[in-house]
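Here are a few exercises to work through with the model open beside you. Try each task before reading its solution.

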Amino acid sequence: MIELTNNIFYISIDDSDGSAHSDFFSDHKNTVTNNAYIVKGEKTALIDIVNEAFSDEYIKAVETLLPISSVDYLICNYTGNEFTGSIRKILSINPDIEIVGTVAAIKHIKEMLNIPFKEHIAKNGGELDMGEGEVLRFTAAPNLPWPDTMCTYAIKEKALFSGRLFSSYISDYSKSEMMKYFNNMLSPFKPFVHKAVQKISVLDINIICTANGHVIRKDISAIINEYFVWS
C-alpha cells in the first residue's frame with residue numbers, strides 16, 4: 001500500500017510471470033501489474049479491481065489500511081469475467097457496498113454474479129460526493145476495450161483514474177512500454193480512444209492512476225498529446 005496523496009492510496013499487484021494475464025489482441029502473455037486505489041473522504045471508495053487470481057492478496061492489501069467491511073463504494077471503471085471472483089469476495093465480506101459503474105458495467109456484473117447487490121449508475125458527467133470536499137466525477141469512455149468502460153476523476157486531489165488509458169505492462173514508466181500496451185489493447189478502437197482523450201484533456205490533472213503499470217506524475221500534458229497522436 002502506497003500513499004499517493006493525503007486521501008489516495010495505491011495497491012499494485014505484480015503478475016510477474018504473466019500467468020493470469022493475456023492480451024486480447026495478441027497471442028502472447030505479458031507481465032503486468034494490477035492496480036487498484038482507495039480514495040478517502042467522509043466515505044471511502046475502492047477504485048478498480050484485480051484479476052481474481054490475486055483477489056486474496058488484493059483484499060489483504062486493502063485491509064492494511066481499512067477493513068473491506070467499512071468501504072462504501074466499489075467503483076468499476078471496467079469489468080470482465082476475470083474480475084468476477086474479486087467482486088464476489090468483496091460482496092461476501094461487505095454486502096452493503098455500492099457498486100458504481102456505467103449502465104453496461106452494472107448489467108455485465110449482474111450477469112456475471114447472478115446475485116443481488118447495491119448499485120449506483122455512473123452517468124457521463126455525474127458526480128459522487130465523498131464528503132470532506134472530495135467529489136468523484138465520471139466520464140463515459142466506452143470501448144476501451146469493452147462497451148462498459150469509464151474514467152473517474154477526483155476533483156479535490158486532481159487525480160484521474162483512467163482505467164486502461166495510459167496504462168503499460170510494467171510499473172516503471174517508459175514511452176515504449178506505454179506504446180506497446182496501447183498497440184496491443186487499444187489500437188483497434190482508436191476513434192473511441194481519441195474521443196475519451198478529448199474529454200479528459202480539459203481536466204486539471206496532477207496524477208494519472210492507471211489500471212495497469214505505472215502511476216503517472218510527470219509530463220502529463222505530453223503523454224496526453226502522445227495519445228492524441230497515436231489515436
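**Exercise 1.** Locate His-214 in this predicted model, decide whether His-214 is buried or exposed, and find which side chain makes a polar contact with the side chain of His-214.

*Solution.* Start with the place: His-214 sits in the loop between β12 (207-210) and β13 (215-216). Next, take the accessibility. The relative accessible area of His-214 is 1%, and buried means under 20%, so His-214 is buried. Then look for the polar partner, which is the side chain of Ser-168, at 2.6 Å. Finally, list the neighbours: not counting residues up to four places away in sequence, His-214 touches Phe-166, Ser-167, Ser-168, Ile-170, Ser-171, Asp-172, Tyr-173 and Met-178.

**Exercise 2.** Find which residues of the largest nonpolar core touch the most other members, and which elements give two or more residues to this core.

*Solution.* This core has 31 residues, and Leu-46, Tyr-58, Leu-74, Ile-87, Ile-99 and Ile-109 touch the most other members. The elements giving two or more residues are β2 (8-15), β3 (32-40), α1 (55-62), α2 (84-93) and α3 (103-113). Now zoom in on Ile-87: leaving aside neighbours within four places in sequence, Ile-87 contacts Ile-49, Leu-74, Cys-76, Ile-99, Ile-109 and Leu-113.

**Exercise 3.** Work out where Asn-114 lies and whether Asn-114 is buried or exposed; then do likewise for Asp-219.

*Solution.* Asn-114, in the loop between α3 and β7 (118-121), has a positive phi of about 55°. Its relative accessible area is 68%, and exposed means over 50%, so Asn-114 is exposed. Asp-219, in the loop between β13 and α6 (220-230), has a positive phi near 55° and is exposed at 57% relative accessible area.

Methods: Residues numbered from 1 in each chain as written. Predicted model: local features only at pLDDT ≥ 70, side-chain atom pairs only at ≥ 80, totals over all residues. Heavy atoms only, no water. Helix = DSSP H or I, 4+ residues; strand = E, 2+ residues; numbered from the N terminus. Buried < 20%, exposed > 50% of the residue type's maximum accessible area, 1.4 Å probe, protein only. Polar contact = N/O pair within 3.5 Å; in protein donor to acceptor, adjacent residues only side chain to side chain. Contact = heavy atoms within 4.5 Å. Core = buried A, V, L, I, M, F, W, Y, C linked by side-chain atoms within 4.5 Å.
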